[in-house]
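Biologist: I would like to go through this structure term by term. Please give the value behind each word.

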Amino acid sequence: MITRKKHLEMKLQSIPSHPNPKVGLEQYSTPSVIASDLIWNAYSLGDIEDKNIVDLGCGTGIFAIASSLMGANSSIGVDIDEDSINLAIGVKDKLKLDNLNFIVSDINEFNEGSITDTVFQNPPFGSQRNAEVGVDLNFIQKAIGLNCSVLYSFHMASTEEFLIKYFEVNNLKITHIFRYKFPIPKIYDFHTKENQNVDVIVIRALHK
């Protein structure tokens, strides 16, 4: 078992970025420093160890992998992008994590047969000018459909006021809001800056 957040961060640094980032999926890899901080907080709140975890829109699997490393009973990563899932499976095999699985699927078509305790999701949250509106809300609805006990969900900080109301209307009780500066590297043709930090929030909510 990993006993220090820094050790978890070092483990997660070995996870490669998206092998073929797709602009339509708004794919940006979550930095290990952010993922390790969030998972460490979730672990401290009792949301990881011996729990059944689902990572929706998992990309290369950083939250699913981190949950497994921190003692999850089971951890499942779900993503529509086969390239990213294949990479995540390679990391799983290298780390020999028997409590971890990855599935290629649209999140709307994914149905977890067993109990889901905790959901992590870093959906397309609209950092791009031409991003499809409301995708992150679709992820929230899917998490509700999985009947999870706890949800950790990434969003643009600028939408915080709206999201607080949205979570309340959907019977989700917000207990914590974590704040990060999410680096957006220059990986797509329309990017003009080498690196740009975007203010994001991660909402922890309980399913009432």
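Biologist: Which residue just after H5 takes a positive phi?

Modeller: That is Asn147, with a phi of about 60 degrees. Bear in mind that the model is predicted.

Biologist: How many disulfides does the structure hold?

Modeller: It holds 0 disulfides. To count as one, a pair of cysteine sulfur atoms must lie within 2.5 Å.

Biologist: Why is H2 called oblique to H3?

Modeller: Two packed helices are described by the angle between their axes and the distance between the axes. Helix H2 (residues 32-44) packs against helix H3 (residues 62-69) at an angle of about 45 degrees, and their axes are 10 Å apart. That angle makes H2 oblique to H3, because angles under 35 degrees count as roughly parallel and those from 65 to 115 as roughly perpendicular. The crossing of H2 and H3 is right-handed.

Biologist: Which residues of H2 and H3 meet?

Modeller: From H2 they are Ser32, Ala35, Leu38 and Ile39, and from H3 they are Ile62, Phe63, Ala66 and Ser67. Sorted by class, this contact has 6 nonpolar residues, 2 polar ones and no charged ones.

Biologist: Ser68 is also in helix H3. Is Ser68 buried or exposed?

Modeller: Its relative accessible area is 6%, so Ser68 is buried. Leaving out residues up to four places away in sequence, Ser68 touches Ser75, Leu97, Asn99 and Leu100.

Biologist: What is the order of elements in the whole protein?

Modeller: From the N terminus on, they run α-α-β-α-β-α-β-β-α-β-α-β-β. That gives 6 helices and 7 strands.

Biologist: How many residues does the protein have, and what share counts as buried?

Modeller: It has 208 residues, of which 51% count as buried. As for contacts between residues at least 6 apart in sequence, 72% of them join residues at least 24 apart.

Key: Residues numbered from 1 in each chain as written. Predicted model: local features only at pLDDT ≥ 70, side-chain atom pairs only at ≥ 80, totals over all residues. Heavy atoms only, no water. Axes fitted to C-alpha atoms, helices over the stretch in contact; angles between N-to-C directions. Helix = DSSP H or I, 4+ residues; strand = E, 2+ residues; numbered from the N terminus. Parallel < 35°, antiparallel > 145°, perpendicular 65-115°, else oblique. Left-handed = near helix turned anticlockwise from the far one by under 90°. Contact = heavy atoms within 4.5 Å. Nonpolar A, V, L, I, M, F, W, Y, C, P; charged D, E, K, R; others polar. Buried < 20%, exposed > 50% of the residue type's maximum accessible area, 1.4 Å probe, protein only.
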